[in-house]
Every structure is written in structure tokens, then in C-alpha cells.
Amino acid sequence: MDYTPEELNQLHDVLYEILAEIVRVCEECNISYFIQGGTAIGAFFEGAILPWDDDIDIGMTRPNYKRFLREAPSHLRPQYFLQWDRTDRDTPFYFAKVRKENTMFLEERFAHLFMHHGIYVDVFPFDKVPDNPKLQSIHRTACNFLNCCYMGKQIWLWKHCGEPHVKDPSDRPFLPCLLTRIFCTIFTKHALLVMLSALQGCFNRCKTTYYNMVLMPKDHISVDSIEHPQQVKFGNLTVWAPSDLETYLRHHYNNLRRYIPKEEQQNHRPLSLLFDIQATKKRRKG
């Protein structure tokens, strides 16, 4: 089911509000960040969130990401919640989210989890990746395996070796599923995250060409582009972006273009979207 125009407009307002809070905290703490993914496409073509989009993605190099996790909780205003492994034990995400309190963005895949389901902005750690394509592939494969183990502690997404929590589980091969189940049995959730983070960042002291989320094959942003960012317009905000924004986007998106056919427009339409949970409860009681 599609969003109504009113829902999208209101959702965009909340997303800008959360992003503005993150920007404020980063400026106060002198933490560098950059927009990426679909958010960067919106900034490049529209100077705003893409008309059909329903999330905002920002990235930080690993040292800045660690500082954000450490310092943001004491700087965020009370109406915002920093969700990650140490603040929400049921989160299945290896990355952080800043969610707005008293809102709901209940995605079907995660609806069974007893975690914070507020409207959010994603905050991803970026790490250096090796220039050698084969080594890069090995690095990415190993990180994706550990991420599956980390997620598997909360949500089983595959047909084999467990009861799937989703309607259409992946037909991932039996052996990787078995190994994932073994790792989930042996290691705690936090231990898996520590291993994943260490593996993602194992090339950070090396001289390489690109940063990446590591788990994604194409989301490469040049080291120079991140270390020397530019400011761009995004809605009513001015935010930091990779300096060579178009090069990054064309590397990541093979068919980058301004106007996307409706059938190709992707978003995260939730089961339930609430902008004021308390007000909704009062209306239902009344």
C-alpha cells in the first residue's frame, strides 16, 4: 500500500527534524558526517528528500561513528533516542538509528521485535576497504556472514536451520545457515557485533582508495571525497556530503537519473505509521 501525499509530507517533516538534531549534535561535538545513498541522490537532484523516499541515511568514518555512539546520548534532546546494540538489546541492526520518541514506524519484517519502532534516521559506520578486488570480496563476504549471525540472534531470515520470522524467507544455502546457527549458539549478540566491527575496520590503518559500509559491493566513496567534504542544500538544512558527489553516485547507481518510474521507486512502507502515539491512544479511548 502506498503512502498518501499527506503521510509522506508529514513523514518528511519528521525526518528533517531528526536530521537537524543529528547535525546539531555533530556540530556541538565536532563530529564529521556525510549524507549517502538515496539521501545523497535527493540532495544531488532535488536539494531535498526524494518525493517518494521515506528515510534518511548518513555515514561516518569509524572513529567518528564511535564518538557519536559515545557522546550523542548526553547531547540529544529528550524527544530523540539513539538506538544501537548497547541502548536497545533487541535491535537487529549493526548500525545506529536516531529515532523520535512518541512516533511509530513499524516495519513488517521487524514487527515481532520488542524494540523501539519510532521514525528514524540511519547512521552507518564507514571503513576503508582494500583496493584488490579479490581481497575486497573476501572481506565483504566474511563481514556479511558475521552480520547474518548478529541479525540471526533476533530475527531468522532463512528457510534452513531455524523457524523463519518473515513471510518470504531467503533460500540461502544450508551450510551457511548451519554455520550461522552454530555461531548464534556459541557467541553472545554483543560479541558478534564486536567481531563484525573489528573485521569491518581491519583495513582502516592501510592506505586505500575507498571507504565503504563493507557489506555493500558498490557503495564506494573515495577517501579524499570523505576527508574533504562539501556542504549542500537538503530541504531547509545545509549538510555535509562527499566532495565528488556525482562520481560517488554514478559508481554506486548504474542507472542514476533524476526521474524514476513508479515501479522502480523503493521505500519502507510500514505496517503502522504514527506521528503522535499518545494523541492516537487518546482518540481511540475517546
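## Helix packing and a covered strand

Helices here are DSSP runs of H or I with at least four residues, strands are E runs of at least two, and both are numbered from the N terminus.

A word on the ground rules. This is a predicted model, in which local features need pLDDT of at least 70 and side-chain atom pairs count only at pLDDT 80 or more, while totals for chains, interfaces and linings use all residues. Residues are numbered from 1 along each chain as its sequence is written, and side-chain values use heavy atoms, with hydrogens and water left out.

Let's stay with helix 2 (residues 37-45), where eight of the nine residues are buried. Buried means under 20% relative accessible area, exposed over 50% and partly exposed in between, using a 1.4 Å probe and protein chains only. The buried residues of helix 2 are Gly37, Gly38, Thr39, Ala40, Ile41, Gly42, Ala43 and Phe45. Their cover includes strand 1 (34-35), strand 2 (57-61), strand 9 (230-234) and helix 8 (245-252), with contact meaning heavy atoms within 4.5 Å.

Two helix pairs are set out below. Axes are lines fitted to C-alpha atoms, for helices over the stretch in contact, and angles run from 0 to 180 degrees between N-to-C directions.

| Helix pair | Angle | Axis separation |
|---|---|---|
| Helix 4 (residues 133-152) and helix 5 (residues 174-186) | about 60 degrees | 9 Å |
| Helix 1 (residues 5-29) and helix 3 (residues 62-71) | about 100 degrees | 11 Å |

Angles under 35 degrees count as roughly parallel, over 145 as roughly antiparallel, 65 to 115 as roughly perpendicular and the rest as oblique. Helix 4 and helix 5 are therefore oblique to each other, whereas helix 1 and helix 3 are roughly perpendicular.

Where helix 4 meets helix 5, Phe145, Leu146, Cys148, Cys149 and Gly152 touch Pro176, Leu179, Thr180, Phe183 and Cys184. By class, this contact has eight nonpolar, two polar and no charged residues. Nonpolar covers Ala, Val, Leu, Ile, Met, Phe, Trp, Tyr, Cys and Pro, charged covers Asp, Glu, Lys and Arg, and the others, Gly among them, are polar.

In the other pair, Ile22, Val25, Cys26 and Cys29 of helix 1 meet Arg67, Phe68 and Glu71 of helix 3. That contact of helix 1 with helix 3 has five nonpolar, no polar and two charged residues.

Finally, strand 3 (residues 80-83) is covered on both faces, with Tyr80 and Leu82 buried on one side and Phe81 and Gln83 buried on the other.
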